[in-house]
Amino acid sequence: MTRSALIDNITAMLSDAGFTVSDRCSTRPKSFDLAARRDEDLLLVKILGNIDAFDGPTGREMRRLGTYLRGTPMVIGLRTRDEDLDPGVVYFRHGVPVLNPDTAMDLFVHGVPPLIYAAPGGLYVNIDGDILADEREERGWSLGRLATELGVSRRTVSKYEDGMNASVEVAAQLEDLFEQELTSPVSVLDGAEDIRDAEPTPEDPDVDPEDRPIVAMLTRVGFDVHPTVRAPFKAVSEDRDGTAPVLTGHSKFTEAAVKRARIMGSLRQVIHTRSVYFVDEADSESIEGTAIIERDEAEKVDDATEFRDLIAARGGSPEP
């Protein structure tokens, strides 16, 4: 299957699951291919045939964008160089959850979340330690008795009851022993925080020299500006009063600029942001919801309220 066909299939699957899906981000480079929203759940989705192509810089940018846009970064892919991705398993690359299309369909269409995740050393599951402790005590088993049954130490059993995750093999043993489901789903839509490395949001990249005038202007009127490297926009700008962030781009007013502004307009509708594109000279005030503002005009703006009003007049307000 070609990557283009895979993206079309994933787009259709998410639409069938009730998501509003953005236009494909067809610019290069790009950290994600689609944004998709269903109620409060926002996904930033990278789609790959071979997930080995998903590198560290892209992973770091997707995690940053997930934080600033309040969404879940996610990769949907078919295989690695060595093997196909298993259904029902969540993998991780550079801190981002990775699913195969069948796992994504089970989760989003059928409402069946995955129970297994891959980590160094094998496949693991989340054990509900409270249920395990209750079942053990109801049977009158000591920690030592259960440890003997499992072939592990008392300390390991105690850790299971305290919330440590277990290998798939141990989890199966436990459920056979107690004839009770003891596993809990992987929380993919919450960023799978319980099972990925507890890392802070990666730091923003350095501002590109050609972007500094726009960053300086936005900072002056009261925005925190987070540069991007691989997104279809130059930055995510956060208003310090807590209103919706702004997808920000700038360049000469060319066909490529129009294309980016259109993509930003589509993302704006799905992510529930505002979007603005700065140019030297323009013959349009908006492109599909993205406000077009000339640089000289922007330099005359005095504060965030005036800037928000200007964007709203040109591109409209963000979706509720």
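**Close-up 1. The side chain of Thr80 and the backbone nitrogen of Asp82.** In this predicted model, the Thr80 side chain comes to 3.2 Å from the backbone nitrogen of Asp82. That counts as a polar contact (a pair of N or O atoms within 3.5 Å; within protein, one must be able to donate a hydrogen and the other to accept it, and residues adjacent in sequence count only if both atoms are side-chain atoms). Thr80 sits in the loop between β4 and β5; helices (H or I, at least four residues) and strands (E, at least two) are DSSP runs, numbered from the N terminus. Thr80 has a relative accessible area of 14%, so it is buried (under 20% relative accessible area, with exposed over 50% and partly exposed in between; 1.4 Å probe, protein chains only). Setting aside neighbours within four places in sequence, Thr80 is in contact with Asn50, Ile51, Asp52, Leu85 and Arg93 (contact: heavy atoms within 4.5 Å).

**Close-up 2. Helix α3 and its N-terminal cap.** Asn100 caps the N-terminal end of α3, with a side-chain oxygen 3.1 Å from the backbone nitrogen of Asp102. Within α3 (residues 101-108), the buried residues are Thr103, Ala104, Leu107 and Phe108. They are on the same side of α3 because they cover an arc of only 115° around the axis (taken from the directions from the helix axis to the C-beta atoms). The buried residues of α3 pack against α1 (3-16), β2 (34-38), β3 (41-50), β4 (72-79), β5 (89-93) and β6 (96-99).

**Close-up 3. Helix α8 and its buried side.** Ile214, Val215, Met217 and Leu218 are the buried residues of α8. Their arc around the axis is only 160°, which puts them on the same side of α8. Their packing partners are β11, β12 (235-239), β13, β14 (274-279), α10 (295-299) and α11 (304-315). After α8 comes Gly222, with a positive phi near 110°.

**Close-up 4. The largest cavity.** About 60 Å³ of space lies in this cavity (on a 1 Å grid over the protein atoms alone, a set of points where a 1.4 Å probe fits but cannot get out; lining residues have an atom within 4 Å of a point). α8 (212-220), β11 (223-227) and β13 (246-250) each supply at least two lining residues, and α8 gives the most, with three. Among the lining residues are Asp211, Lys234, Thr248 and His250.

**Notes.** Residues are numbered from 1 along each chain as its sequence is written, and side-chain values use heavy atoms, leaving out hydrogens and water. Local features need pLDDT of at least 70 and side-chain atom pairs count only at pLDDT 80 or more, while totals for chains, interfaces and linings use all residues.

Note on methods:
1 Å grid on protein atoms, 1.4 Å probe; cavity = no way out; pocket = protein on both sides within 12 Å on 5 of 7 lines; lining within 4 Å. Points joined across faces, edges and corners; volume = space filled by probe spheres on them.
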